[in-house]
Amino acid sequence: MDLQHWLGRADHAIQEWADTYSPYAPHPSLHVDDERFASAFEALTGRLTKDNYPFFHPHYAGQMLKPPHPAAVVGHLTAMLINPNNHALDGGPATAAMEREAVAQLAAMFGYDTHLGHLTTSGTIANLEALFVARELHPGRGVAYSAEAHYTHGRMCHVLGMKGHPVPTDEGGRMDLDALEDVLRSGDVGTVVLTAGTTGLGAVDPIHRALALRDRYGVRLHVDAAYGGFFTLLAGADGPEGLAPEPWRAISRCDSIVVDPHKHGLQPYGCGAVLFRDPEVGRFYLHDSPYTYFTSTELHLGEISLECSRAGASAAALWLTFRLIPPTPAGLGRVLAAGRRAALRWADLISRSDVLKLYQRPELDIVGYFPAVEPAALSAVDAASARVLTDGMSDRDPVFLSTLKAGREAFAVRHPEITADVEGARILRSVLMKPESEHHVERLHDRVEQLARPR
Ligand SMILES: *Cc1c(COP(=O)(O)O)cnc(C)c1O
């Protein structure tokens with residue numbers, strides 16, 4: 001699709017609508033002449049293009065960053081020209097309805113048959129809301145999450161005045177359920193956060209095995225699928241990209257879910273989502289509604305969100321994107337499948353390399369690896385990873401990677417052959433979240449091997 005064409009159409013469509021109202025003159029205080037605009041615009045584009053990383057390019061294989069789909073850009077901009085606010089129905093009925101529809105698609109993707117949910121500005125706020133509701137249901141009891149969970153859980157426990165209980169992980173970075181059970185036996189925990197795709201390396205906690213613990217210890221189960229949620233579209237899929245379905249199918253039985261459309265849902269930043277299986281939890285939000293109970297058909301989004309103003313444009317962007325690339329295996333699933341195949345392919349290449357070593361097998365589309373070093377010690381791994389990162393970026397044909405700090409114990413379970421001479425080491429990390437990565441991993445691998453070769 002031609003972005004220029006559709007941005008022009010967006011402006012035109014909204015102007016046509018505006019023209020149906022009586023004419024008026026814009027106020028002179030808002031006037032900006034073209035020449036001044038041109039120079040300010042030059043300054044803007046100059047700064048943006050001088051001081052940025054090429055997130056769009058297949059040779060950017062670093063952090064969780066990529067531009068939104070053009071459909072999201074057009075949806076966002078078109079609605080933004082009206083600028084509805086989804087804090088209340090009269091802030092923009094059209095985008096409030098779109099939000100409800102897009103959220104229902106997310107709930108259906110996870111297999112929820114009932115839900116209450118809404119979009120948020122971020123995964124952080126979405127998790128805050130889920131933990132807030134959890135606290136209201138289990139006052140005085142804390143929250144358990146894996147040691148590899150996003151740092152937001154520790155931070156939000158602090159904000160909410162709840163005690164956080166980090167739980168050790170296994171050799172794949174997944175929560176160790178025996179260790180969790182030890183914590184649950186104390187009776188201090190009311191909520192368990194399970195991560196479906198850790199931010200570091202995409203590990204998926206054994207959600208299906210945690211279900212039994214909910215009944216045994218009377219805890220709530222919250223799934224933080226901010227990064228990995230959309231991978232549920234690959235659960236049980238044919239082909240190398242297919243994921244073991246059990247943890248993903250179990251999500252439908254958990255009490256709440258967070259997913260970030262601004263990570264794997266092709267959206268610009270400012271789009272997270274929280275979903276609750278039981279619509280009744282709407283009662284915990286302070287509101288002045290005449291309703292005494294909430295169902296997804298009568299919810300009033302402003303009354304079930306901790307945030308007040310929220311961009312209707314985010315809902316429009318997600319809604320339009322889902323019309324074209326729906327959250328189904330044949331829609332968005334194909335986008336995720338390509339990134340996952342890329343990660344598996346790269347992991348194979350690294351396994352056969354004598355210059356690079358695989359840190360652990362990728363579960364989703366994130367690859368962790370490090371240069372093979374002599375002597376084989378953590379301090380050397382750390383220095384070599386840091387050097388590959390900086391050399392890669394400053395090269396004439398640059399490659400962009402990221403690093404991740406791995407602790408000595410985590411390293412020892414995966415690579416006992418590496419001497420633990422220091423507390424931990426940076427390893428290299430590549431998030432292959434663009435489907436184009438699939439056609440560039442060979443090249444990326446060659447480039448990183450070159451960079452890592454001892455000189
Ligand atoms: C990114 C992420 C978050 C935080 O979400 P933001 O949208 O960055 O605020 C929380 N949990 C996980 C697992 C994440 O990957």
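The following paragraphs lead the reader through a predicted model, from its ligand site to its nonpolar core and then to individual residues. Local features are reported only where pLDDT is at least 70, and side-chain atom pairs count only at pLDDT 80 or more, whereas totals for chains, interfaces and linings use all residues. Residues are numbered from 1 along each chain as its sequence is written, and side-chain values use heavy atoms, with hydrogens and water left out.

The ligand is surrounded by 13 residues, of which Thr124, Asp224, Asp260, His262 and Lys263 are the closest.

A polar side-chain atom of Thr124 is placed 2.5 Å from a ligand oxygen. For His262, an N or O atom of the side chain is 2.8 Å from an oxygen atom of the ligand. Lys263 likewise has a polar side-chain atom 2.9 Å from a ligand oxygen. For reference, a polar contact is a pair of N or O atoms within 3.5 Å; within protein, one atom must be able to donate a hydrogen and the other to accept it, and residues adjacent in sequence count only if both atoms are side-chain atoms. On its own the ligand has 380 Å² of accessible area, and the protein covers 88% of it. Accessible areas come from the Shrake-Rupley method with a 1.4 Å probe, and for residues only the protein chains shown count as cover.

Two or more residues of the shell come from each of helix H5 (123-137) and helix H10 (261-264). Helix H5 gives the most, with three residues. Helices (H or I, at least four residues) and strands (E, at least two) are DSSP runs numbered from the N terminus.

Attention now turns to the interior. In soluble globular proteins, nonpolar side chains tend to be buried together. The largest nonpolar core here has 72 residues, and Leu180, Val192, Trp248 and Phe411 touch the most other members. Such a core is a set of buried Ala, Val, Leu, Ile, Met, Phe, Trp, Tyr and Cys residues joined through side-chain atoms within 4.5 Å. Helix H4 (residues 93-110) supplies the largest share of this core, six residues. At least three core residues come from each of domain 1 (79-324) and domain 2 (332-452), the bounds being taken from an automatic or database domain assignment.

Individual positions complete the picture. Residues are called buried under 20% relative accessible area, exposed over 50% and partly exposed in between (1.4 Å probe, protein chains only). Ala225 lies in strand S5 (residues 220-225) and counts as buried because its relative accessibility is 0%. Its C-alpha atom is 8.3 Å from that of Thr198, 27 residues away along the chain. At the end of the numbering given for helix H15 (residues 441-452) is Ala452, which is buried with a relative accessible area of 6%. Ala452 and Glu241 are 211 residues apart in sequence, and their C-alpha atoms are 28 Å apart in space.

Loops also contain buried residues. Pro327, in the loop between helix H11 (312-324) and helix H12 (332-351), is buried at 7% relative accessible area. Its C-alpha atom is 10.0 Å from that of Phe231, at a sequence separation of 96 residues. Gly173, in the loop between strand S3 (164-167) and helix H7 (177-185), is buried at 3%.

Glu374 and Pro375 are joined by a cis peptide bond, with omega about -5°; Pro375 lies in the loop between strand S9 (366-371) and helix H13 (378-394). Asn83 has a positive phi near 65° although it is not glycine, and it lies in the loop between helix H3 (70-80) and H4. Asn83 is exposed, with a relative accessible area of 56%. Leu266, also not a glycine, has a positive phi of about 70°. Leu266 is in the loop between H10 and strand S7 (272-276), and it is buried, with a relative accessible area of 9%.

Definitions and conventions:
Near = heavy atom within 4 Å.
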